[in-house]
Amino acid sequence: MSIYTAMCENVLLPLADYATRNCTMHYYRLYSDMQWLGREELQRRQDELVRETVRTAYADIPFYRELYDRHGVNIAGVLKAEDLSLLPMVTKDMLREAYPHSCTRDTGWPWREYCTSGSSGSPFAVRVDNETMSMARALMFLRANYSGWNIGDPFLQTGMTLERGAVKKLKDILLRVEYASAFDLSDRVLDRYLDLIDSKKLDYVMGYAGSLYCVATRALEVGFNRPLTGIVSWGDNLYAHYRERVESAFKCRVTDTYGCGEGIQIAAQCGRSDGAYHIFMPHVALEVVDDEGNPVPPGQVGNIVLTRLHPGAMPLIRYRVGDLGVKSAGETCPCGRGFELLAKVEGRDTDVVVTPRGNRLIVHFFTGIFEYYKSIDTFKVIQEERARITVLIVPRPDFKPEHWTSLKSEILEKGDPELVIDMKLVDEIPLERSNKRRFVVSKVGR
Ligand SMILES: [Zn+2]
């Protein structure tokens with residue numbers, strides 16, 4: 001361990017936690033140790049957390065109490081993670097209706113509201129307190145460790161936050177992050193990112209799969225040939241052709257991760273797992289079920305249902321997140337970590353829109369804008385020709401024309417002012433074959 005890593009882990013970040021009323025490093029140490037426990041011990045601890053979470057939710061949250069009573073569920077019968085299938089599933093629509101009055105509680109921790117367009121596309125608010133957020137952040141460190149990265153190693157990160165506030169800026173300095181906005185992915189900007197990797201001697205790059213693909217494509221075009229040590233992807237689907245291009249441009253492995261904006265980090269690939277994802281068992285119970293909520297056998301595809309194993313300010317129990325996945329049949333990973341394995345996850349299915357001026361708009365460009373418009377239920381972007389996109393919108397009852405006006409000007413301003421944007425209000429957007437939602441479809445050859 002380098003001196004700077006030790007200083008970050010033992011002094012700087014614990015101090016930052018103390019100053020901001022968080023406990024990230026406590027959970028980082030806990031999870032770092034727990035990942036090496038055997039499967040049985042992990043299962044035992046997970047069962048304990050399931051019991052605690054379900055009981056707390058029933059005692060403190062009217063939404064869950066009423067739901068379970070209505071379904072005639074006796075929660076005393078929920079003793080293990082596998083008993084979760086006795087409980088009814090919860091959808092975004094159900095929680096949206098109950099928010100905040102009957103699905104949140106006071107934990108004594110400061111909290112924030114996170115808006116997410118999630119994987120199903122509908123905007124949705126979740127209340128997350130500092131303790132729950134600390135757990136998720138601890139797992140963000142842990143998932144990055146799986147690429148070989150250590151806390152304190154400098155890296156380039158692409159993201160969707162334009163305004164890095166004082167706390168985030170300080171964190172960027174401490175963690176030696178070069179932060180790159182993924183709103184603008186034109187050649188000029190991508191070249192600057194490649195220069196940064198070179199001049200700052202960065203060995204790691206992390207960010208949305210779509211943006212990594214754009215950086216890698218540019219790297220190959222301009223003959224960039226500095227090998228990296230590790231690349232971590234998140235967000236949109238890391239397609240096989242994305243992975244191939246990124247790995248060939250930077251001559252290292254991409255470890256993909258799976259999380260959701262609702263304050264849950266779910267799983268991550270390690271360097272040796274042959275594509276499978278380690279599920280963060282102390283933080284989340286992950287089920288793969290059919291449409292009725294019954295477990296699907298390992299090896300078969302089904303809906304991913306999540307239970308965050310910490311009630312926090314807004315418990316999420318058997319929460320249907322909108323992604324599809326396949327569980328592994330109890331295999332262990334050669335890396336030695338005890339966390340159970342998710343063979344495959346299929347989230348959003350998307351393309352990249354290349355604009356007239358050469359910017360590249362990834363799915364997070366659009367979700368990063370749409371998630372602030374609660375009057376829009378879901379959307380889909382279709383590019384029929386280079387200069388024109390059509391945005392299909394399923395409005396909610398409070399949708400007003402001025403929402404569209406401001407949305408449109410945001411897309412023009414952040415994306416490309418030369419785009420022609422049409423809007424179509426529709427009643428619903430049919431899912432693609434295999435039940436997946438495709439947010440961004442480009443029919444323009446690149
Ligand atoms: Zn592994």
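Donors are N, O and S atoms within 2.8 Å of the metal. In this predicted model, the zinc ion has four donor atoms in a tetrahedral arrangement.

**Zinc site**
- The protein donors of the zinc ion are Cys270 through SG, His278 through NE2, and Cys333 and Cys335, each through SG. These atoms lie 2.1 to 2.3 Å from the zinc ion.
- The angles among the four donor atoms run from 105 to 118°, and the site is tetrahedral. Ideal angles at a metal are 109.5 degrees for four tetrahedral donors.
- Along the chain, the donors of the zinc ion follow the spacing C-x7-H-x54-C-x1-C.
- His278 belongs to strand β9 (residues 277-279), while Cys335 sits in the loop between β12 (319-327) and β13 (341-346), so this pair ties together parts that are 57 residues apart in sequence.
- Both His278 and Cys335 are buried.

**Helix α6**
- Helix α6 (residues 130-145) has 16 residues, which should span 22 Å at 1.5 Å a residue. The C-alpha atoms at its ends are 22 Å apart, in agreement with that expectation.
- Of the 16 residues of α6, 14 are buried, so the helix is largely enclosed by the rest of the structure.

**Surface patch**
- Met7, Val11 and Leu15 form a nonpolar patch on the surface. Together they have about 260 Å² of accessible area.
- Leu15 is part of helix α1 (residues 3-20). Leu15 counts as exposed because its relative accessibility is 51%, and exposed means over 50%.

Methods
Residues numbered from 1 in each chain as written. Predicted model: local features only at pLDDT ≥ 70, side-chain atom pairs only at ≥ 80, totals over all residues. Heavy atoms only, no water. Patch = residues over 30% accessible without salt bridge, like charges linked within 9 Å, V, L, I, M, F, W, Y side chains within 5 Å. Areas by Shrake-Rupley, 256 points an atom, 1.4 Å probe, with all protein chains shown as cover. Salt bridge = Lys/Arg side-chain N within 4 Å of Asp/Glu carboxyl O. Helix = DSSP H or I, 4+ residues; strand = E, 2+ residues; numbered from the N terminus. Buried < 20%, exposed > 50% of the residue type's maximum accessible area, 1.4 Å probe, protein only. Donors = N, O, S within 2.8 Å, 3.2 Å for Na, K, Ca; no water. Tetrahedral: all angles 85-135°; square planar, octahedral: opposite > 155°, others 65-115°. Expected span 1.5 Å × (residues − 1).
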